[in-house]
Amino acid sequence: MTRALFVGLLELRRYLADRGELAFGIALPIALFALMHATWAGGASFNGTVHVVDADGGAVTAEILERLDAIEGLSVERLDAGEASARLERSAILTAVVFPAGFSEAVAAGEGAAVLIRQRGSGGQEGQIAASIARSVTQRVAAEHEARAAVSAAVADIGVGADRAAETVDRLIAEGAAAPAVVVESRESGGGSEFADRMMPGILVMFLMFAVTLSSQAVVDDRRLGTLERLLTTRLTLWEMFAGRFLAGVLRALFQTLVLLSLGFAVLGLGGPALYGQVLVFCLLISAAVSAIGLAIGALCTSRDQAVWASVVVTMFMTVFGGTFFFALDGAMDALSRVTINRYAIDAIDGMISGGETLAGQGLEAAVVAGFALAALAVARWGFRAAGR
């Protein structure tokens with residue numbers, strides 16, 4: 001067994017010295033995870049700037065701009081008319097909201113007033129959203145002033161002063177804002193912690209599966225180059241060579257796991273040392289299954305091209321149908337996922353990270369992954385030959 005371990009450590013050393021394999025096995029999954037997290041992770045729904053031309057300078061316009069400034073994710077940039085026109089002309093900005101002279105006086109008097117929205121082309125996505133927010137706030141402020149004017153006029157005949165009427169309206173508006181009759185609630189789906197909990201295990205298992213290709217190619221290359229025959233002239237037995245190849249695949253996959261899992265826990269704050277250790281132990285079982293599958297493919301294939309294509313087909317089938325990128329599976333997809341390692345591996349890691357489960361509670365998942373590993377090892381040992389075919 002010591003000789004087999006030396007063979008495994010030698011292959012791991014070769015793997016660490018190969019920059020191409022390291023880039024594919026370590027750098028690529030890190031870059032992919034960062035890209036997907038930046039794309040789908042939770043956060044502020046909108047961040048933008050509304051460009052405003054205040055040709056009015058009145059109290060109502062100032063109130064509108066103050067409310068716009070208070071909106072999270074939205075900033076207000078004030079421009080004069082000439083600067084706004086010049087920047088629109090050269091597409092430096094795509095939208096500008098113009099408050100014309102006399103706007104505040106017209107609104108305060110209950111008269112008709114208009115705000116001009118100037119845009120370049122369609123105005124751009126950010127400009128359209130910012131202009132829509134500005135329009136909504138302007139209409140709300142105008143409606144409040146209209147309500148004050150209407151109430152003041154209605155109660156004037158019964159001796160209620162305009163100041164008292166406006167004060168009452170302001171109080172009712174404040175109470176309505178504090179306890180609105182209709183509440184719109186936003187809930188994240190597919191982002192934030194849900195993304196980290198599900199996608200991180202998916203990407204981890206996916207790239208561990210890609211290690212199948214390395215194991216299968218190594219077996220075919222050893223047979224093609226006569227490496228096994230030469231090694232068997234030493235004190236190594238066929239069983240020790242087989243065990244060494246198996247350990248080499250396990251160590252390669254485990255090294256990937258250590259790097260990716262450590263980074264995920266450190267950056268995303270997925271849990272403490274106890275959880276990290278439990279997930280790592282389960283990943284060791286996945287690494288064994290991955291190594292065994294690679295050995296089985298390599299043992300059954302007669303050429304490097306066959307090994308590569310067979311490995312790609314197996315890993316892509318398990319990745320696509322194993323629930324790597326789909327949070328809920330049903331029908332045919334659910335049936336197909338049950339014949340993949342990914343389904344059980346991802347469910348187990350996800351359960352430990354987000355479901356509060358422990359390693360001891362992953363009995364079914366561990367048994368299935370171990371079953372895959374033992375079946376693949378049996379096939380690999382049957383097909384493992386020192387001589388070429």
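Let's start with Asp347: this residue is partly exposed, at 26% relative accessible area (buried is under 20%, exposed over 50%, partly exposed in between, using a 1.4 Å probe and protein chains only). Keep in mind that this is a predicted model, where local features need pLDDT of at least 70 and side-chain atom pairs pLDDT 80 or more, while totals for chains, interfaces and linings use all residues. Residues are numbered from 1 along each chain as its sequence is written, and side-chain values use heavy atoms, leaving out hydrogens and water.

**Exercise 1.** Find the salt-bridge partner of Asp347.

- Recall the rule: a side-chain nitrogen of Lys or Arg lies within 4 Å of a carboxyl oxygen of Asp or Glu.
- Now place the pair: both sit in helix H15 (residues 341-354), four residues apart, so about one helical turn separates them. Helices here are DSSP runs (H or I, at least four residues; strands are E, at least two), numbered from the N terminus.
- Arg343 is buried, at 14%.

**Exercise 2.** Work out which residues are linked with Arg87 in a network of salt bridges.

- Take Glu77: its closest N–O distance to Arg87 is 2.9 Å.
- Glu77 belongs to strand E2 (residues 74-79) and Arg87 to helix H4 (residues 81-89), so this bridge ties together parts 10 residues apart in sequence.
- Next, Glu83 meets Arg87 at 3.5 Å, N to O.
- Put together, Glu77, Glu83 and Arg87 form the network.
- Finally, check burial: Arg87 is buried at 15%, whereas Glu83 is partly exposed at 34%.
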